[in-house]
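Q: I would like a close look at a single part of this model, with the criteria behind each term spelled out.
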Amino acid sequence: MTAPTAAEYFDLGEYLRTEAVRVNRALSLAMEKAEVLLPAELHAAARHAVLSGGKRLRPVLCMTAYRVCGGKSPRVSELAAAVELIHAYSLAHDDLPSMDDAELRRGRFTTHRVYGEDAATRAGAALIPLAALQAWRGALAVGCDRDTARRVVTELCLAGGAGGMVGGQALDLRAEEACVSASELDRLHALKTGALLTASLRIGALAASAPAPILAALDAYGRSVGLAFQVTDDVLDATANAEQLGKRPSDMALGKTTYVAVHGLEAATRRAAAEVGRARAALEAVGVDDPALHALAEYVIERRW
């Protein structure tokens with residue numbers, strides 16, 4: 001008889017719903033404050049990109065890491081919102097005609113379909129400094145000193161920049177109609193997906209003054225969860241329809257190299273499960289036995305959208 005998994009004894013659904021409410025409240029407040037900084041049309045497009053729903057996985061990971069590392073401030077959702085602002089910008093740009101040319105996102109028309117390509121491009125770009133400002137304010141709100149707040153902002157910018165998510169997006173564009181090796185595919189998604197997801201955990205841990213061994217374990221956890229997330233995305237893109245995903249599967253249509261294309265469906269599914277095992281082992285190696293983190297790792301391969 002196998003031992004129960006974290007997802008079987010931890011109510012992850014309720015946890016995600018509760019934490020998402022906190023994140024969405026913080027995001028709404030952040031966009032209210034941004035109204036004085038952006039022209040009306042740009043603000044409307046940015047709001048659409050940010051407040052169109054979603055799993056809020058990255059800010060939830062940030063808040064969870066903060067709590068696991070001893071953080072106590074109820075205002076941590078303000079810090080976590082910064083991560084989601086960067087994620088929202090990346091999705092608005094990913095959906096553009098010059099990239100994935102997506103019509104739907106989370107069951108709604110994408111930002112450029114509603115506000116036009118120019119507004120969506122500029123609104124996405126505007127979210128980058130807004131996210132940095134939100135990270136600074138959020139770090140101070142939870143009681144970080146200014147040096148730690150600077151480290152938090154630096155983490156966010158590095159993860160979202162050319163050495164992280166933007167670099168991964170560039171590699172992703174080059175991978176269209178190109179032959180990409182398995183190792184190159186891993187590198188692409190370590191940057192495009194894994195960098196921001198890992199930074200979400202690091203930001204929460206830094207804000208809670210986590211020691212170096214815990215930060216290293218969360219790094220390893222984040223890298224594995226990020227890879228498992230992307231592999232599962234590729235599996236869903238190959239097996240689910242637009243109604244299930246809330247968007248139209250696009251990778252095959254764009255000729256992108258995916259984990260399913262490289263390894264096959266069954267092997268890709270096994271790879272995602274193996275990465276979740278590595279993520280959990282990284283936590284166990286430093287004595288972190290948190291049901292939320294374990295359940296969140298399992299969630300990335302069990303989700304259906």
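Is Glu275 buried or exposed, and why?

A: The model is a predicted one, in which local features need pLDDT of at least 70 and side-chain atom pairs count only at pLDDT 80 or more, while totals for chains, interfaces and linings use all residues. Residues are numbered from 1 along each chain as its sequence is written, and side-chain values use heavy atoms, with hydrogens and water left out.

Glu275 counts as buried because its relative accessibility is 6%, where buried means under 20% relative accessible area, exposed over 50%, and partly exposed in between (1.4 Å probe, protein chains only). Glu275 belongs to helix H14, which spans residues 265-285; helices here are DSSP runs (H or I, at least four residues) numbered from the N terminus. Once its neighbours within four places in sequence are set aside, Glu275 is in contact with Ser224, Leu227 and Ala228, contact meaning heavy atoms within 4.5 Å.

Turning to Phe229, the charged end of Arg58 sits over its ring, 5.3 Å from the ring centre, and Arg303 lies over the face of Phe229 at 3.8 Å from the ring centre. A charge sits over a ring if NZ of Lys or CZ of Arg is within 6 Å of the ring centre and within 35 degrees of the ring normal.

Notes:
Helix = DSSP H or I, 4+ residues; strand = E, 2+ residues; numbered from the N terminus.
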